[in-house]
Amino acid sequence: MGHLAKSHPTLSETERAEVGEFLQALEDHDDVHRVWAAL
Amino acid sequence: MGRQWLLAKREVASLKRSQAAGKFLREISVAAKQGGADPAHNARLATAIEKAKKESIPRDNIERAIKKGAGTGDEKLSLEHVTYEGYAPHKVAVIVEALTDNVNRTAPEIRVLFRDGQLGASGSNKFLFDHVGLVEAHHADPGVDVEAAAIEAGANDFSPSPTSRTTTFRKGPPGPASSRTAPPSTPSPSGWGATAGKS
């Protein structure tokens, strides 16, 4: 099953990069299987 | 010295999943755990194995991952599926699915990762997401009618990928009595091949 976001906030390029880094750090964690984000 | 590579990553705005082999093996373990160790009866496992083979992962590792998930191998780990919800910076809602053999270790680690954002209580974010079944499929003929295929398969929605020739079919949130509904069946007579079935 998947989780699809119902709404996406509008982000600037720097904000998007920050969030991307955050999600990448989450995904890099050994136990993390999948990450869903409202993006 | 350690953080310089992070600056390079800042320039990359893509949020695709990383290509590390461990991710594919984890997917195989999860699929085997959920649907059994036989790829013939487990569509998710079959696609996971195909993906792993494409990344040239040794067959031994694949088999070990299957055994680990199905619980038939030497390692008697029992993996627990836990979900964490929170927000990334700038109020972006995030759901994290984790597979761990030790929740007490993982929970604080996730909390540390969420220091830039906000970790919420379980269930605080779920309403912001639609819980749906997703099937990715591709068709050799680019001119095929995607909408008709979606209606035939019983999908609620579809979205063609702008980059690859795959299309994602969505099946809406399952009712209370059908929480184990299978993903929409891709109509094989019309030539669609499922690349990823997430059920």
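## Nonpolar cores

The largest nonpolar core has 18 residues, and those touching the most other members are Leu23(A), Leu26(A), Val35(A), Tyr84(B), Val94(B), Val96(B) and Phe114(B). A nonpolar core here is a set of buried Ala, Val, Leu, Ile, Met, Phe, Trp, Tyr and Cys residues joined through side-chain atoms within 4.5 Å. At least two residues of this core come from each of helix 1 and strand 2 of chain A, and from each of strand 1, strand 2 and helix 5 (103-113) of chain B. A second, separate core holds 13 residues, including Phe24(B), Leu45(B), Ala48(B) and Ile62(B).

## Basis of the values

This is a predicted model, in which local features need pLDDT of at least 70 and side-chain atom pairs count only at pLDDT 80 or more, while totals for chains, interfaces and linings use all residues. Residues are numbered from 1 along each chain as its sequence is written, chains are lettered from A and ligands numbered from 1 in the order in which they are written, and side-chain values use heavy atoms, with hydrogens and water left out.

## Chain A

Chain A has one helix and two strands, arranged β-α-β from the N terminus. Helices (H or I, at least four residues) and strands (E, at least two) are DSSP runs, numbered from the N terminus. Of its 39 residues, 51% are buried; buried means under 20% relative accessible area, exposed over 50%, and partly exposed in between (1.4 Å probe, protein chains only).

Four strands make an open antiparallel sheet in the order 2(A)-2(B)-1(B)-3(B). Its edge strands, each pairing on one side only, are strand 2 (32-37) of chain A and strand 3 (118-120) of chain B. Strands pair if DSSP finds at least two bridges between them. Strand 2 of chain A and strand 2 (residues 92-100) of chain B run antiparallel and are joined by five bridges, with Ala37(A) partnered by Val94(B).

Helix 1 (residues 13-28) of chain A packs on the sheet, where it touches strand 2 of chain A and strands 1 (80-88) and 2 of chain B. Contact means heavy atoms within 4.5 Å.

## Positive phi in two loops

Most residues other than glycine have a negative phi. Ser56(B), not a glycine, has a positive phi of about 55 degrees. Ser56(B) sits in the loop between helix 3 (43-54) and helix 4 (59-70) of chain B and is exposed, with a relative accessible area of 61%.

His90(B) also has a positive phi, near 70 degrees. His90(B) lies in the loop between strand 1 and strand 2 of chain B and is partly exposed, at a relative accessible area of 32%.

Technical notes. Axes are lines fitted to C-alpha atoms, for helices over the stretch in contact, and angles run from 0 to 180 degrees between N-to-C directions.
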